[in-house]
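Please open the structure in a viewer and keep the selection tool at hand.

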Amino acid sequence: MNVAAESSKLRTARVKERKVSLGLLLRLGIGLLVLAFFAYRFYGVLARQAYGAETWARLAISGLIIGSVYAVIALGYTLVYGILFMINFAHGEVMMIGAFAGYFVLEAFAASGFSARQPVLAILITFLAGMTVSMLVGISLERIAYRPLRGAPRLVPLISAIGASIFLQNAAQLMFGSMRRTYSNPPALERNVGWVLDIAGKPVSITYTGVLTFAFSVVLMIGLYLLVQRTRLGRAMRAVAENKEAAALMGVDVDRVIANTFAISGVLAGAAGVMWGLHNGIIYHYVGFIPGLKAFTAAVLGGIGNIPGAMLGGIVLGIAESLAPAVLDMPFQLKDVLAFAVLVLVLIFRPTGILGEVLAEEKV
Amino acid sequence: MGLRTGIRTGLIAAIVTIFLILIGVHMLMGRLLQSWFYVPAHWPGVWLMVVLLGLWAGSRAVGQMKARSWGNALLAGASAGIIQGALAGAALYLLASITQAGVDLRAWLTQMSQESIAALTLGLAPLPAAGFIGGVLLVSALAGAAWREWRLRVHAARLARGERTVSLRERLLEIPAVAQVSSNPLSRRVLMGVFMVLLLIAPFFLGQYWNYNLGTVGIYVILGLGLNIVVGMAGLLDLGYVAFFAVGAYTMALLTAPQPHHIQMSFWLALPIGVLLAAIAGILLGIPVLRMRGDYLAIVTLGFGEIIRILSKSDVLTGFTGGPRGVRNVGHPVLFGKDIGNEFYFFYFILIGVILAIIITRRLEHSRVGRAWRAMREDEKVAQAMGIYTLKYKLMAFAMGAAMAGFSGAIFASRNSFTGPEDFVLLVSINVLALVIVGGMGSIPGVILGAFVLKGLPEILRELEDYRVLVFGALLVVMMIVRPQGLWPASRPQLERPRPEEEALEEAPAELVEGEVGS
């Protein structure tokens, strides 16, 4: 056997295999099909002039608002994933509990007239209540359901998270009932009231609650970014996310940092819950499930572990979800289906997300 | 030292106690004691729960301490009891005073009816009532602490004497009858045979209700065995398994029912078509997720399950799927002109399905395919390096699992004569996943046990219906912490006799046991 000839044959064979694989062909094929479908439907919509400019504007605005809520929740997911490599399935439920905490506080304020007299203070305290309760739930969640499973293979904490999620949903259902509850907004901040713009001759409204939601979300995002980049705790979090053992060797209390991460993600979820209640009005024990799922999609979309990525992913998903039914000429009832479709497409074509993952360790 | 432990435990115990009261478990205990033990009133059950919680608090406080000391134990028990009692008493005080001021708390906390709170106050004014419950908790905690201290000392003395702790399994095997049966293959077969005969004649004696329920358990066994192939044998965490169930059910429904499509095919024809379509759906689902990581795979499959449900419920596809109201008058199997679509005959149907599923699973497990799956599950990269074409085997796993789900779905739809989007909620997928995990991943008897525990038990414990899902969620968390390999774990093939310290590890797939570094 001529070694030189054999090895050169191997070399060329290897190079040839790298060029075109079955996976690549499949993905190209699927990608082309999807693009063709999009183009066809969009062309149909444009040709029919089915939606006027003011509808597009309205959809974009509502997408931006809901996207900012998704972004805040997605930040919670991404923080936990970056440190523990696990999807905190119960995150949506943490948001739900925050929404309920805010609900009870606001109800008490509305009954006593405090909301009418001091709306700003009332809203502030409501947010504080929601954020605090969610923070406590997040910390307890970590302590009870995740910490004992720290070293276990990935499947185990995932199932524990699913169990915790179901438990929290049902605990809320047993305690508060399954009926839908409506947030009693203070009179100064009623839902569906706001400024009215004039776009292409038709009115488009920008609600006060929507503006509050968006503004507060931006504040939270900036706050989190500063916390992670500029504070000691943030540095410790980044260190633990990069390499747990090395961080421990450098004197970081890993348990404390992880608990703090869950606390922060809980605070964010609580804020999102209260915002959801104020803006959308209706809360019930299941309210955290779908937004939780979509926020995870957003986190993946932006690049899991990546904080600006989560923010970007949230906004993009919100706008996409809002505009997609109109663009693709599909009924708005199928909005959730489109959000999931986005997830699948992202995971097929760019699993690392738009801004790329930030995971130093190679995932096994 | 005992003080700190006691306070911490007391806080935790207080939260648990207040939580259980808020979700009405005390009333549940009262009702259970009334209906099971013919206790005349409901307050004995309520206070039994209080006492048990106190006992637990004291016991846990002492359990946290390493050194044995009566003084510390009683201190821990007392402090735990005081904290728990004080906080629970304060909560009761609040609830009682608000209620007695005339406010109906049920608008906020649905379980806090007058009756519910009165069971705890026993007719006393708020302050004495709080004192009473605090006192009861304190006394129980002290008792619990004392008991635990005693047990731990006994245990320590045993260890000092050199006695090994005996596991439940070993203790069962000590009973001569059990040892003989478990070692002698013939007696095992006889036992199995007796069991089969009992199963075969059971439907004649059980009423309609129990035939239906056992049938449901059987359907979940088939579902569990199917998911077992995907999750347990191939290691692919599928959270959207209900989608394949839906495909099978809807295929059967849409092909045999008069309504949306007027096809009205025979049951016997629709069944294999349903299985086939489900298998195809499995392959279609498998293709996009082939390269995804475990967590992402879970979420994407979850998304798929939800997509199928939303699509089947949507107005836009109502013409095809029957919309939110579902499909009625699903066809029944007809044998020699006789409609055999009732619970009685379906029981046998499902039984045949279960036996087939078991046979298929065992054959697969001990075949090349099964070994390929096991290799992929343990470490995908190594499996690929050994020449296993993971693509093919992953798709095969999905297809097989989906086919089994499709079969169950078709039977399910036909037996109920009706199916609709509400039959295919996420909870079904999680139910099946839970019974595979709780029973034992990758283990056939485990899955069957899991199905009985998670589907059969709630039927027997009807009063607990409201709390079923709650217990479920808690069970998942607890199982993962305490026994992740399940109740009846799969046994790994052994090349050599295990050493004693490896014995426990031998029972579980690597997925659930290993993972010290880099996880």
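Is A:G82 buried or exposed? Select A:G82: it counts as buried because it has 25 C-beta neighbours inside 10 Å. A residue is termed buried if 20 or more other C-beta atoms, placed from the backbone, lie within 10 Å of its own, exposed if 12 or fewer, and partly exposed in between.

The model is predicted: local features require pLDDT of at least 70 and side-chain atom pairs pLDDT 80 or more, whereas totals for chains, interfaces and linings use all residues. Residues are numbered from 1 along each chain as its sequence is written, and chains are lettered from A and ligands numbered from 1 in the order in which they are written.

Remain at A:G82, which belongs to helix 3 of chain A; helices are DSSP runs of H or I with at least four residues, numbered from the N terminus.

From chain B, domain 1 (2-165) and domain 3 (206-425) each contribute at least three residues.

Centre the view on B:A397. Leaving aside residues up to four places away in sequence, B:A397 touches B:I229, B:V230, B:M233, B:A234, B:L236 and B:W373; contact requires C-beta atoms, placed from the backbone, within 7 Å.

Now colour chain B by domain: domain 1 (2-165), domain 2 (174-204) and domain 3 (206-425), with bounds from an automatic or database domain assignment. A distance of 46 Å separates the C-alpha centres of domains 1 and 3 of chain B.

Turn to the interface, where 46 residues of chain B are in contact with 41 residues of chain A. On the chain B side, helix 13 of chain B gives the largest share, 11 residues.

Finally, select B:L475 in helix 21 of chain B. B:L475 is partly exposed because 18 other C-beta atoms lie within 10 Å. Its C-alpha atom is 8.9 Å from that of B:A434, 41 residues away along the chain.

Definitions and conventions:
Two residues are in contact if their C-beta atoms, placed from the backbone, lie within 7 Å. Helices (H or I, at least four residues) and strands (E, at least two) are DSSP runs, numbered from the N terminus.
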